[in-house]
Amino acid sequence: MKPAPFDYHAPRTVAEAAGLLASLDNAKVLAGGQSLVPMMNFRYVIVDHLVDLARIGDLAGITVANGRMRIGAMTRQRDLEFSADVARLCPLMREALKHVGHRQTRNRGTIGGSLVHADPAAELPAVCATQAALIEIASVRGKRTVPFSEFSVAFMTTAVTPDEIVTAIEIPLWPQGHGYGFHEFARRQGDFAVVGAAALVELDDDKTVRRASVTLCGVGQAPMPMPEAEAVLVGKRPTVETIRAAARAAKALTPISDIHASPDYRRHLAQVLMGRALRDAVARCGTAA
């Protein structure tokens with residue numbers, strides 16, 4: 001199928017794009033198109049106006065300052081995958097990007113597009129939840145910042161209103177030497193995860209866990225933080241038994257069900273993958289579990 005007829009707009013500035021969204025009825029932002037265009041082709045999404053952000057140079061790029069990494073919303077996933085700053089300072093994102101689609105889709109897909117599309121099984125939203133990212137949003141009314149914990153509001157629905165644009169993602173950086181892990185199970189390489197797990201771990205000098213952050217994807221309507229698992233870890237040495245105990249927090253979940261997996265299967269995967277992600281994170285801190 002082909003998309004329904006629409007008018008195409010290619011603004012050169014954020015202000016111009018925001019003005020178009022404020023003045024046009026039934027307008028949609030194009031930020032890479034790896035999800036939106038197929039949905040338009042199937043006429044699952046029908047728009048009257050398509051506002052392409054590709055020509056707004058200010059929306060792409062990676063900068064680091066004051067303990068935070070700022071990523072322009074139109075930064076291509078491929079650029080993130082091969083960024084030296086991402087590899088050095090936010091290695092969890094690079095690890096997760098290995099599971100995102102295929103090379104062709106990463107060449108075009110953007111981080112902002114992935115976050116706003118908000119597929120509950122997507123990897124980059126899980127990374128942003130684990131890192132406690134901040135999402136910068138712009139409109140004709142100005143800019144506002146939304147903590148990622150408040151960004152996803154329902155199934156494939158975010159806090160971004162129809163006349164707003166995600167302009168940047170700010171990621172608070174964990175200290176050098178922290179551990180990270182990302183594991184997922186998908187039917188095929190490049191498919192969305194049936195279940196995925198992201199983990200960050202920081203150790204104290206006595207090798208006990210100072211801080212941990214764990215998020216699951218594919219189990220609910222949005223990325224699911226696991227504070228119960230984090231609480232099991234903090235203050236303890238990350239032994240095999242401690243990690244198993246943390247992973248058992250997934251037993252309390254009530255996962256979604258679809259044609260790919262039952263709730264019981266997703267619950268089992270969540271425990272297994274959380275354990276693997278945590279073991280990787282601990283090992284990368286220099287302590288094997």
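Q: Why does G196 count as buried?
A: G196 has 0% relative accessibility, and buried means under 20% relative accessible area, exposed over 50% and partly exposed in between (1.4 Å probe, protein chains only), so G196 counts as buried. This is a predicted model, in which local features need pLDDT of at least 70 and side-chain atom pairs count only at pLDDT 80 or more, while totals for chains, interfaces and linings use all residues. Residues are numbered from 1 along each chain as its sequence is written, and side-chain values use heavy atoms, with hydrogens and water left out. G196 lies in strand β12 (residues 195-203), where a strand is a DSSP run of E with at least two residues, numbered from the N terminus.

Q: What makes the contact of K98 with E95 a salt bridge?
A: The closest N and O atoms of K98 and E95 are 3.2 Å apart, and a salt bridge asks for a side-chain nitrogen of Lys or Arg within 4 Å of a carboxyl oxygen of Asp or Glu, so the pair qualifies. K98 is partly exposed, at 48% relative accessibility, whereas E95, at 11%, is buried.

Q: What makes R141 and E164 a salt bridge?
A: Their N to O distance is 3.6 Å, which falls within the salt-bridge limit, and the pair therefore counts. The two residues belong to distant parts of the chain, 23 residues apart, with R141 in the loop between β6 (134-139) and β7 (142-147) and E164 in the loop between β9 (157-158) and β10 (165-172). R141 is exposed at 57% relative accessibility, while E164 is buried at 6%.

Q: How do you know that the lining of the largest cavity has one charged residue?
A: L115, A118, D119, P120, P125, F148, S152 and P223 line this cavity. Ala, Val, Leu, Ile, Met, Phe, Trp, Tyr, Cys and Pro count as nonpolar, Asp, Glu, Lys and Arg as charged, and the others, Gly among them, as polar, so the lining divides into six nonpolar, one polar and one charged. A cavity here is a set of points on a 1 Å grid over the protein atoms alone where a 1.4 Å probe fits but cannot get out, and lining residues have an atom within 4 Å of a point.

Notes:
On a 1 Å grid over the protein atoms alone, a cavity is a set of points where a 1.4 Å probe fits but cannot get out, and a pocket is an open set with protein on both sides within 12 Å along at least five of seven lines; lining residues have an atom within 4 Å of a point. Helices (H or I, at least four residues) and strands (E, at least two) are DSSP runs, numbered from the N terminus.
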